Amino acid sequence: MGRLDRIAEPWGTRTPYGPGETWPVRVDQHLAEGLGDDDVDAWHQSASILHSNGDGLDIAVKDGRIVGVRGRAEDRVNHGRLGPKDLYGWQANGSPDRLTKPLVRRDGELVETDWDTAMEAVAGRTKELLAERGASSIAFYTTGQLFLEEYYTLGLIAHGGIGTNHVDGNTRLCTATAAAALKESFGCDGQPGSYTDLDHADVICLYGHNMAETQTVLWTRILDRLAGPHPPAIVCVDPRETPVARAATVHLAPRPGTNVMLMNALLHEVLAHDWVDHDYVEAHAVGFPELQKMLQGYSVERAAEVCGVLEADLREAARLIGTSERLFSTVLQGFYQSHQATAAAVLVNNVHIVRGMLGKPGCGILQMNGQPTAQNTRECGADGDLPAFRNWSNDAHVEDLARVWNIDPVDIPHYTAPTHAMQIMRYVEDGSIRFLYVTATNPAVSMPELQRMRSILSQDRLFLVVQDIFLSETAQLADVVLPAATWGEKTGTFTNVDRTVHLSEKAVEPPGEARSDFDILVDYARRLDLRDKDGAPLVKWTTPEEAFEGWKECTRGRPCDYTGLSYDELRGGSGIQWPCNDEHPDGTERIYEDGQFWSAPDYCESYGRDLVTGTPVSPTEYRALNPDGKAVLKAAEYVVPHEVPSSDYPFQLITGRTLYHFHTRTKTARAPQLQAAAPEVWVECSAADAAEQGWAEGDLLEVRTPRGRVTARLRVSGIRQGVLFLPFHYGYWDTGAGHQPGDDAGDGGRAANELTMTDWDPASKQPLFKTAAATATRLRGADGEPSRAPTTTASRPVGDGGPPVPDTRGGDAAQADERLETVGGAR
Ligand SMILES: Nc1nc2c(c(=O)[nH]1)N[C@H]1C(S)=C(S)[C@@H](COP(=O)(O)OP(=O)(O)OC[C@H]3O[C@@H](n4cnc5c(=O)[nH]c(N)nc54)[C@H](O)[C@@H]3O)O[C@H]1N2
Ligand SMILES: Nc1nc2c(c(=O)[nH]1)N[C@H]1C(S)=C(S)[C@@H](COP(=O)(O)OP(=O)(O)OC[C@H]3O[C@@H](n4cnc5c(=O)[nH]c(N)nc54)[C@H](O)[C@@H]3O)O[C@H]1N2
Ligand SMILES: [Mo]
């Protein structure tokens, strides 16, 4: 057993292994200072909820409090490993800042109240509006961080009970494009990849995905392959020098917003060299001739120019992809939060289809999720789609759902596409939506163009309900705040990106009067007196396990079939991958093994959309295009980003994450080791830009776009020239730092979304967080203070000048245990 500072060494100790071998076990553990294994009263099975990886872990409890975590050796996802957020993030549960009582707004102030008063206010306003203005005045904005049972209950209440079409999740900001791209290419959501593919792949491509910082344990799996015999080649497409880029065989650092140009050129090369599996394409796909035709204009020379990368690097990347035997790809926000998001992600699917690289060990795609339970938001229809991947534009699917819920099909709104989150906010802005129920998301920091968002959410005519575990920036604007119990304090299930379902057990009681989101929603349904068509309660369950059983029936015969799972099946061992049913009682490692897709016109989740305009494809058009349920090769022309640099705004601004923080930091800022590793906002620029502008490490810059301004200290990093990067984690809740909403004086704002724009991808409706034009000016010099950006990550300092930057370390408080199992001498 070893002890390691896991802030300084986020990926821990290497356990090398070779292709086709089993990833060795390494059990990671962190307990509160001074405690050892013997002090722990009980361990409770769970999985991580600070990213989408789904690391299996056990929660340690002593005296009724959470005191640590330990990775689950038997879990297929992590083989015992944990990342820094897993190891230290649990401390937020015990924070004294937790909400413990409901709050209501009286005379402008939020004051404590009892549950009955708060819930009557929420249900009462819902009933009033239903009577006065109808269901379309009511909207729900949820998350990718609750449990399956909660989403299914919410989806049932909103779609089946209230009958509003205005239901979406922050998954719209996150992985709407993952779902959209899978629907376009394969007719249905559901990942054609499995984590075990990483054990076999010989080429791994990461497209706009900083996996090293955002799925640290999955990256550890790749690092262990890289340290073993016959390592895979890595292709990284990212304008920053991320840890992924540093480990890559080829790093393409394109101009932000040019992904479609780059992908088209890669595909052009693959076709030009005839690295195509013609038998596979012939048997299993439609659209090849059209794709071939469109790609003619996308030469490597043209792409090199537009993307600002070397022709030789593009050719080398295409050669690696084209000659790979087992190709694995992941896609994330560098592609999804861009103006041609769905098009770019679909082009990655195309690479796999033309190369026949699907459904075999090592051959898969993860259109990555970000949030831990985003897959469930989508599956359960809490993002607007219908539950269990039913197609809202297929009347037979709506009827089938109505049968499951025992209601009339006309009571399920499906007359038009579900309202996406940005449109919900627009309807709130123009006053047609008067009631917004926000669960487990913080739009006052995470949505684009915050000045607008604040004015939308603080309107008098809007009744805003916020259900959170802390008094977030959004909760501060609410009419009613409902204190939630969270992970570790409630039981439920959730599903990660590779379809692995985990059970998470209640380990401790929630603080004060906090109640689980599940209990609150069930209470809400009861107060609304929602009924099915026989007059029985619409929500037929009172416990999560009953809800899970109800959900299983809803999934029967659908792609995400859960009928073979139960809480008991999920207890004890590893998580299990859906579909899991009579046919696949142990779950399903890989889907699409036989080149059969879920895309038949009568079965598919979606008929797709026009990638440029976003117009839904009609059932008749789809039937003509894809009568036999094959994979669809969709082509897409490159379109120039909507906001490009000018003389007033000469830089391109991108935003994103750092390894140590989760989103708006409501949790990670309250875990001391994580907060200390990245305590303040910073802005990154390249060494060349710093030299040209006369800037150096630690200088205080003001970054401006037409929407707002942010001040931050400079980190000179390995980012592409002409590009600025801001982490989006820093809102203004800890106003001790002197930051106020929209602060326009003194130190200025620090939330990246003060600067981002109201604009989205036409097909997935995902907002653009990664391409804006910006300017920056120096307010004052460093005065001996470097920026506080981590040195272990993409923000590693480069070049010289400015004050020295200390290495990011966690010290004594960050010591964590590692238990290595020696397998075949691999250590
Ligand atoms: N540590 C940590 N981990 C997390 C989270 C977290 O907050 N913190 N959040 C979770 C969630 S919800 C999500 S969605 C994921 C997100 O995980 P990622 O997508 O990996 O994270 P981001 O930093 O948002 O963006 C990824 C990369 O996109 C690059 N990029 C920007 N513009 C472009 C472009 O035009 N083209 C290309 N090719 N690349 C570009 C950025 O340089 C950045 O390195 O992480 C999950 N895991
Ligand atoms: N500029 C920029 N903006 C971005 C992004 C970006 O890359 N750049 N990324 C986008 C992406 S991918 C995402 S996913 C979003 C994330 O944006 P948000 O979802 O707004 O971020 P979080 O901080 O995760 O907010 C979750 C909230 O839920 C609360 N919470 C936690 N657990 C529970 C629970 O069990 N129950 C309840 N009721 N509440 C709980 C937390 O305290 C917190 O307030 O941000 C998006 N915004
Ligand atoms: Mo996300």
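Which of the 32 residues around ligand 1 come nearest? They are Asp238, Arg240, Gln333, Arg657 and His661. The legends below describe close-up views of a predicted model.

Figure 1. By class, the shell around the ligand consists of 17 polar, 9 nonpolar and 6 charged residues. Domain 3 (176-368 + 603-632) and domain 4 (651-796) both contribute residues to this shell, so ligand 1 lies between them.

**Figure 2. Polar atoms of the protein beside ligand 1.** One nitrogen atom of ligand 1 is placed 3.1 Å from a polar backbone atom of Val237. A nitrogen atom of the ligand also lies 2.9 Å from an N or O atom in the side chain of Asn259. For Lys770, a polar side-chain atom is 2.9 Å from an oxygen atom of ligand 1. Ligand 1 taken alone exposes 910 Å², of which the protein buries 100%. Two or more residues of the shell are given by each of helix 6 (211-214), helix 14 (333-336) and strand 24 (651-656). Helix 14 gives the most, with 3 residues.

Figure 3. Gln766 is situated in the loop between strand 28 (723-727) and strand 29 (772-780). With a relative accessible area of 0%, Gln766 falls under the 20% limit and is therefore buried. A polar atom of the Gln766 side chain lies 2.9 Å from the backbone oxygen of Cys174. The side chains of Gln766 and Gln333 are joined by a polar contact of 3.1 Å, and Gln333 is also among the residues that come nearest to ligand 1.

**Figure 4. The cis peptide bond between Trp578 and Pro579.** Omega for this bond is about -5°. Pro579 belongs to the loop between strand 22 (576-577) and helix 24 (619-625). Most peptide bonds, in general, are trans.

**Figure 5. Positive phi at Asp274 and Glu449.** Most residues other than glycine have a negative phi. Asp274 has a positive phi near 50° and occupies the loop between helix 9 (259-272) and helix 10 (278-284). Asp274 is partly exposed, at a relative accessible area of 45%. For Glu449, phi is positive at about 55°, and the residue is located in the loop between helix 19 (443-446) and helix 20 (450-457). Glu449 is likewise partly exposed, with a relative accessible area of 21%.

Key. Residues are numbered from 1 along each chain as its sequence is written. Chains are lettered from A and ligands numbered from 1 in the order in which they are written. This is a predicted model: local features need pLDDT of at least 70, side-chain atom pairs count only at pLDDT 80 or more; totals for chains, interfaces and linings use all residues. Side-chain values use heavy atoms; hydrogens and water are left out. A residue is near a molecule or strand if one of its heavy atoms lies within 4 Å of it. A polar contact is a pair of N or O atoms within 3.5 Å; within protein, one must be able to donate a hydrogen and the other to accept it, and residues adjacent in sequence count only if both atoms are side-chain atoms. Accessible areas come from the Shrake-Rupley method with a 1.4 Å probe; for residues, only the protein chains shown count as cover. Helices (H or I, at least four residues) and strands (E, at least two) are DSSP runs, numbered from the N terminus. Ala, Val, Leu, Ile, Met, Phe, Trp, Tyr, Cys and Pro count as nonpolar, Asp, Glu, Lys and Arg as charged, and the others, Gly among them, as polar. Domain bounds come from an automatic or database domain assignment. Buried means under 20% relative accessible area, exposed over 50%, partly exposed in between (1.4 Å probe, protein chains only).
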